[in-house]
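Reader: I am new to this structure. Could you take me through its sheets, helices and chain contacts?

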Amino acid sequence: MNKRKIDNIIEDLGQIEFDERASAKFKFKDIFSKVIFKNPSMAIGSIMIFLLIILAIIGPSIAPYDSQELNMSERFESPSWNHIFGTDNMGRDIFSRVLHGTRVTFKIGLASVGIGLAFGLLIGLFAGYSRGKLQNVLMRFIDILYSFPALLIAMALVAFLGPSTRNLIIAVGIASIRYYARVTYGVVLVERNKPYLDAAEIVGAGALRQMFRHLIPNIVPPLIVVATLGFAGAVLNAAGLSFLGLGVQPPTPEWGLILSSGRNYIIRAPWLLIFPGLAIMVAVLSFNIFGDGLRDLLDPKQQRKV
Amino acid sequence: MVGKDTMTKTNGSIIQVSGLKKYFPIGRTLLGKPKNFAHAVDDVSFTIKQGETLGLVGESGSGKTTIGRLLVRLEKPTAGSMLFEGKDISLLKKRELKPFRGGIQMVFQDPYSSLNPRMKAGDLVSEPFIIYRKGNRVEIKEKVEKLFDAVGLRKEQIDRYSHEFSGGQRQRIGIARALALNPRLIIADEPVSALDVSVQAQVLNLLAELQDEFDLSFLFIAHDISVVAHVSHRIAVMYLGKLMEVAETKELIRHPRHPYTESLMNAVPIPNPKLRRDKHDVPQGDIPSPINPPSGCRFRTRCPHAFDRCAKEIPLLREIESKHAVACHLFDKEMEDA
């Protein structure tokens with residue numbers, strides 16, 4: 001690294017403001033300076049998420065055992081060097097199953113957040129931009145969704161569609177649409193009155209162009225925060241549904257499902273529940289911490305108050 | 001391109017506004033009917049000639065910004081007509097309006113919020129070309145560079161985000177964007193009031209240069225009569241949704257006739273404490289609410305010369321001398337006496 005580059009970085013460090021405008025030129029090298037130095041919760045959260053992602057990618061290949069391999073001679077073994085998380089009622093290695101489960105969990109989390117975010121963003125965007133009848137129809141629909149617990153909506157959907165991983169993703173995703181729609185709607189209402197949209201209108205930009213080219217880039221930062229926190233919620237909901245038998249079906253190693261199948265042995269073999277439970281907790285916690293840090297970063301006012 | 005026919009039809013005027021009204025609904029009853037209306041613009045008529053700058057002054061709340069927004073059709077007028085190059089644009093729907101958009105452009109007051117913070121300067125300026133499909137990528141890039149040059153920005157700045165610019169530079173970006181579609185009329189809504197005094201002059205001079213270069217007409221909206229006088233050929237004084245006085249700049253400055261114009265002139269600060277004016281010469285109190293404007297003459301509640309007729313009858317804007325129109329009963333009396 002030459003001296004000029006270092007100077008640039010030092011200069012950048014000096015210029016960084018926790019400010020909406022500054023985040024518009026979010027560069028890669030800023031990620032380290034902004035995140036690690038200025039915001040410990042984001043540093044911790046991002047390291048944890050990074051490790052989880054690594055595990056989700058390479059986990060299955062470094063797992064010591066096959067996640068579905070039965071071994072009746074090693075049932076209910078307590079944690080040891082051979083099976084560091086112990087084994088379950090069919091002699092399967094819990095550590096390997098939890099590792100495999102990381103990937104399943106990420107898949108469910110990402111896909112359901114994707115569904116919720118995509119539809120929620122569109123509903124909130126159209127409702128916030130249009131004003132008038134469409135706004136009322138869309139937001140009253142969201143209000144109705146808000147009058148049921150998310151888990152109940154997801155359960156009803158899975159019960160209707162039939163339990164499977166794919167349907168679980170759809171159900172959890174649909175149940176979270178309202179959440180993203182509300183946030184998008186709120187942000188759009190604020191952005192809607194800014195003169196840059198008038199400026200776009202005057203040079204001939206139609207409604208779609210104003211929404212997708214002008215509004216969306218301005219509402220993405222708060223939505224990233226919401227999506228991060230929403231990911232934690234989705235993981236939890238998915239685990240909950242799987243625990244109830246309405247989600248991922250055995251023998252797929254999903255954390256909620258491992259937890260559920262171990263619940264009969266809670267006294268005899270508590271490690272069956274402790275380790276998948278811990279995994280869920282770590283995943284949810286790290287996304288929550290990361291999301292909180294991200295919010296501080298993108299919302300300077302709130303941060304300075306603390 | 002203005003054909004000769006339209007030129008003769010419109011007497012060399014670029015826009016003719018007559019009887020323009022805008023009432024904003026205030027509050028709604030359960031049945032969705034508005035409870036009240038704010039009379040933001042109430043029966044305003046004026047014309048702007050080709051290549052002319054018309055200054056529009058008034059206090060905040062006088063409706064001057066609403067007039068600007070009506071002319072670019074960000075708002076739909078309640079009544080009245082706006083003939084732009086002979087064609088009435090007051091009732092056009094959004095889609096029908098598209099071909100006319102380029103002809104009337106606007107420079108905004110706040111150079112910070114009027115530029116999308118997530119777009120690069122070059123993208124902002126090239127957007128009108130993309131919307132109107134004017135050329136391929138290379139041609140558009142050339143046009144954008146030309147515009148940057150015309151408003152005094154450097155080509156290297158094309159790839160910068162708007163927050164990397166100063167207020168004056170941002171206003172230049174806004175001006176470049178407004179120029180993109182070859183406008184004939186530019187609405188400048190307080191284009192310098194958000195800028196430092198040193199930068200104000202630069203931007204005003206730039207607008208004057210561009211006016212000569214592109215043969216532009218301006219509607220220059222400001223609350224500061226000294227700024228308006230600096231750039232305008234004619235000045236229209238507005239109060240609570242109505243025009244009070246319209247005259248050529250020199251005439252208006254030297255012989256303000258309407259009591260409101262007089263008090264506005266008195267409000268201009270003089271940089272000499274010895275010449276400090278009597279307090280009573282500047283308008284007292286606040287502008288009344290446009291929801292329930294005073295009967296008769298709207299200025300009567302603050303006018304030092306008000307008499308009983310002012311409360312009963314709305315004074316009409318009439319020429320009392322050539323090219324000097326005033327809406328005030330004082331001058332009707334004079335004319336009757338004469």
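Predicted model: local features only at pLDDT ≥ 70, side-chain atom pairs only at ≥ 80, totals over all residues.

Reader: What counts as a strand, and what is the order of the open sheet of four strands?

Author: Helices (H or I, at least four residues) and strands (E, at least two) are DSSP runs, numbered from the N terminus. Two strands pair if DSSP finds at least two bridges between them. Strand E2 (34-49) and strand E5 (87-88) of chain B are the edges, each pairing on one side only. With antiparallel pairing, the order in chain B is E2-E1-E4-E5.

Reader: At about what angle to E2(B) does H2(B) run?

Author: Two residues are in contact if their C-beta atoms, placed from the backbone, lie within 7 Å. Axes are lines fitted to C-alpha atoms, for helices over the stretch in contact, and angles run from 0 to 180 degrees between N-to-C directions. H2(B) lies across E1, E2 and E4 of chain B. Its angle to E2(B) is about 70°.

Reader: Which strands are the edges of the sheet of eight strands?

Author: This open sheet of chain B has mixed pairing and the order E6-E7-E8-E3-E9-E10-E12-E11. Each edge strand pairs on one side only. They are strand E6 (104-107) and strand E11 (318-321) of chain B.

Reader: Which residue of E7(B) does B:Met106 stand opposite?

Author: E6(B) pairs with strand E7 (residues 185-189) of chain B in the parallel sense, over four bridges. Helix H6 (residues 167-179) of chain B lies across E6 and E7 of chain B, at about 175° to E6(B). The residue opposite B:Met106 is B:Ile187.

Reader: Which element gives the most to the side of chain B that touches chain A?

Author: Here 23 residues of chain B are in contact with 17 residues of chain A. Helix H3 (94-101), E6 and helix H4 (121-131) of chain B each give two or more residues to that side. With three residues, the one that gives the most is H4(B).

Terms used:
Residues numbered from 1 in each chain as written. Chains lettered and ligands numbered in written order.
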